[in-house]
Amino acid sequence: MYTESSGVIPYETGIYDNNIVVSIGDVTVGYNYSLSTPFVNDRVYAIASTVREGDTPDFTNLPASIDVYDDTPIGMTLYTVSFTDANIEDIPTLSVTVYSVNPSRPNVAFDTATGELTTTGLLSYGTFTIRLRVNDRCNNNNRRELILNVLNYPPVIGNLPASCDLSEVVTLETFLYEVTVSDASGDQVTCALNNTSPAGAPFLLKYVSGTSSYGIYSQSSPNLDFATVPLYTLTIFCTDGITTDVETFTVHVTKNSPAIFSNLPANVSVPLTTPLGTVVYTVRATDPEGSSVSYSMITCRSCWFSIASSGEVIVATSLLTKTSTTYNIDIRVYDGSTHSLSYTLTFIFTGINTQPVLDNLPRTLNIPESLAIGAEVFTLVMIDPDVTDTHSYVFSYSPASAATAFTFDTTTRRLTVATTLNYESGVTQYTISFTVDDGHLSDGPQDLIINILDVNDAPVFQKSIYSVTDLERNTNHVLPDPGFVVTDEDPGDTVSYTITSGNSLGRFKMDPLTGILTFTVNYDVDDSNMPQFVDLIVTATDSGDMTATVLLQVTLVDNNDNSPVWEQDSYETIIAADMTIGSSILQVRATDIDVEYNNNNIFYTIYSGSTEYFGIKDNGEIYLLKSVSIYGNYTELYVDIRATSTNRHVYVTLKVIVNPATSDDFFDDTGNVAWFSVCIVVGVVAVIVFSVMLYRYFRYGYVFANKTETSVEHLNLENTDSRNDVLSQGDNNTTTEDPVRGISPSNTPNRPPTTLRDGTPSTEPPRYNSPVMLQDVTSATEKNIP
């Protein structure tokens with residue numbers, strides 16, 4: 001037996017041959033060795049064993065580093081450690097222990113039996129160093145590290161980068177975009193608007209109301225300006241406290257577009273009886289950015305109408321006193337940032353009341369002081385075409401005593417003397433101001449000035465004022481007898497009449513015996529040539545050279561002896577095919593020098609021609625009534641315009657050349673393409689038909705199949721009873737029958753003669769009767785037609 005450090009049988013080496021030395025290398029447990037020696041008797045053998053130091057065990061997969069995420073489930077095997085020992089017999093006895101973990105508490109456990117590293121709880125984000133040791137039975141050991149990297153899923157902004165458009169006119173806090181953020185680790189994520197470009201942009205990031213999602217908003221009153229900053233870049237920062245995600249959001253500032261009217265320009269009919277406060281029209285407009293709009297009127301003072309910000313147009317003043325047939329207001333719309341262009345709303349009034357006119361005022365009268373009480377001084381001429389109107393009068397007097405000196409009868413409109421007039425009293429002039437009102441319109445005040453004249457005693461006119469009324473006439477025309485009645489207390493005296501005042505230009509001469517006036521000139525009151533009202537002082541001289549004077553009021557009435565005259569012989573203008581309906585084209589004008597309103601008031605009408613496209617206002621303004629967009633290839637449209645004053649008409653021609661619309665091309669118009677295509681088809685059909693006709697003519701000698709021609713023996717011109725009368729008028733009224741037009745222009749009535757400004761006679765365009773109708777042809781003869 002052998003024990004370490006002690007020889008049981010001394011073993012010597014030397015010269016003795018009977019020693020046997022056997023060397024055996026490393027052996028394993030259970031190794032058997034057979035000794036081969038001749039010395040098997042009387043021998044004692046000793047075994048000497050040299051034991052060297054054993055091998056150190058080690059890990060086969062350490063050191064190592066593993067990555068796991070912090071959402072790894074509990075009980076999950078993260079890693080299995082393996083180890084070995086060169087001394088195979090030691091392998092079953094190897095043991096593994098964890099001798100340190102840094103930092104501590106990673107919520108993992110190591111199974112020393114299996115070498116498995118498993119989770120025991122939720123993993124914490126970070127890097128953990130786990131140090132392991134393996135030991136054999138001889139206490140040989142080795143140490144290795146396992147690095148555990150616990151990773152965290154970062155938050156992810158799923159819908160950025162993105163962008164949006166935002167109008168520069170926005171004023172309220174406005175939601176722009178919802179940010180979608182996710183975190184696979186389930187961590188709480190917070191987001192913020194980290195920075196903006198340019199800095200200080202008027203935007204914010206906050207939770208969308210009622211949700212856990214973030215939204216991007218514009219701030220209230222952001223004061224955006226497309227011209228200054230057209231683009232903003234927002235940087236969005238989201239973090240779960242561990243990792244972050246950063247993305248951008250772009251805001252494009254859009255330039256504001258003005259609101260657009262949907263129902264202007266427009267015309268609206270309004271009765272003059274419409275009450276105050278009535279809504280007569282509602283203006284509508286839309287804003288491309290969806291902003292709310294408001295409306296206002298421009299360039300309007302003391303307007304007849306007002307407009308609410310919501311677009312209702314309201315009657316603002318009584319219309320009963322208005323005499324205009326039309327009234328315009330210009331309206332614009334505001335979208336909170338930009339005013340639109342203004343457009344016109346035209347009111348066309350119906351039921352217009354005509355203003356009453358004090359036709360013979362103002363006027364100055366000279367009356368003698370001897371005029372008797374009750375004597376007629378003046379008869380007021382008041383004209384109102386509205387015969388059903390009731391009139392009232394208002395007077396003012398200067399001096400106040402005029403109110404008692406004279407009396408006015410509102411029924412007869414006569415002013416008479418109410419008290420004895422006395423020239424020597426010192427009051428030699430009275431002024432009475434008249435105002436007439438028909439309940440809607442009024443005229444006045446207009447003044448009547450009455451001068452009191454001092455008169456002699458004899459002879460005496462029976463009346464103090466006489467009057468003569470006649471039309472304006474030519475030289476030597478005799479006016480009506482004024483009916484002078486003169487009394488003279490001197491029996492046998494004869495009286496002669498002379499004009500002693502008021503005839504300085506010698507336009508009148510008076511018969512000394514009768515007092516009848518005669519024109520010495522061609523008396524013409526038109527164009528302010530001569531006065532309509534002439535006060536003549538007539539003196540009656542008796543045989544004793546005693547005189548009496550009387551006022552002879554001569555009224556010369558306009559004879560309506562002038563026709564209107566156009567300022568031009570013709571008119572011509574150019575418009576674009578896309579001109580807006582209601583736009584003014586040009587203004588025409590005619591004048592009539594007749595002095596009275598009823599004779600010189602001119603009415604304009606579109607008489608003939610392309611009347612559907614043009615309208616005319618009371619002032620002669622021509623405007624576009626209907627779109628001319630179907631024209632445009634320099635088409636010439638003609639209309640005849642008639643000017644009328646009291647049954648006197650003159651005509652003038654307006655030529656309107658329609659130019660193509662701006663950047664217009666013939667084939668840009670679908671209408672042109674349509675009719676051009678139709679013309680091509682018709683042309684092709686016409687060529688085919690003509691070719692067939694030629695073929696039949698040269699092949700068969702005729703074009704159409706033989707037919708029976710019915711000859712019409714007579715035509716009925718308007719009606720059968722009047723036929724013979726029409727045909728028998730002979731030289732007095734030559735009639736030429738035309739199967740297309742009917743009666744020829746030679747049978748049309750002549751238009752009333754009119755005169756242009758240069759004196760050239762003018763008549764209206766020829767007018768034709770309706771086409772004639774074919775009479776019964778049952779008795780007509782028949783003949784073959786090849």
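The unreviewed UniProt entry lists residues 673-698 as "transmembrane region"; UniProt positions follow the numbering used here, feature names are shortened, and annotations may be inferred rather than shown by experiment. In this predicted model, the span 673-698 is 100% helix and 0% strand, and its end C-alpha atoms lie 38 Å apart. Helices (H or I, at least four residues) and strands (E, at least two) are DSSP runs, numbered from the N terminus.

Residues are numbered from 1 along each chain as its sequence is written. The model is predicted, with local features requiring pLDDT of at least 70, side-chain atom pairs counted only at pLDDT 80 or more, and totals for chains, interfaces and linings using all residues, while side-chain values use heavy atoms, without hydrogens and water.

Side chains of opposite charge can pair when their charged atoms come close. With a salt bridge defined as a side-chain nitrogen of Lys or Arg within 4 Å of a carboxyl oxygen of Asp or Glu, the count is nine. Among them are these pairs:

| D535 | R363 | 3.2 Å |

The salt bridge between D535 and R363 links distant parts of the chain: D535 belongs to strand 43 (residues 533-541) and R363 to strand 29 (residues 363-368), 172 residues apart. Both residues, D535 and R363, are buried, meaning under 20% relative accessible area, with exposed over 50% and partly exposed in between (1.4 Å probe, protein chains only).
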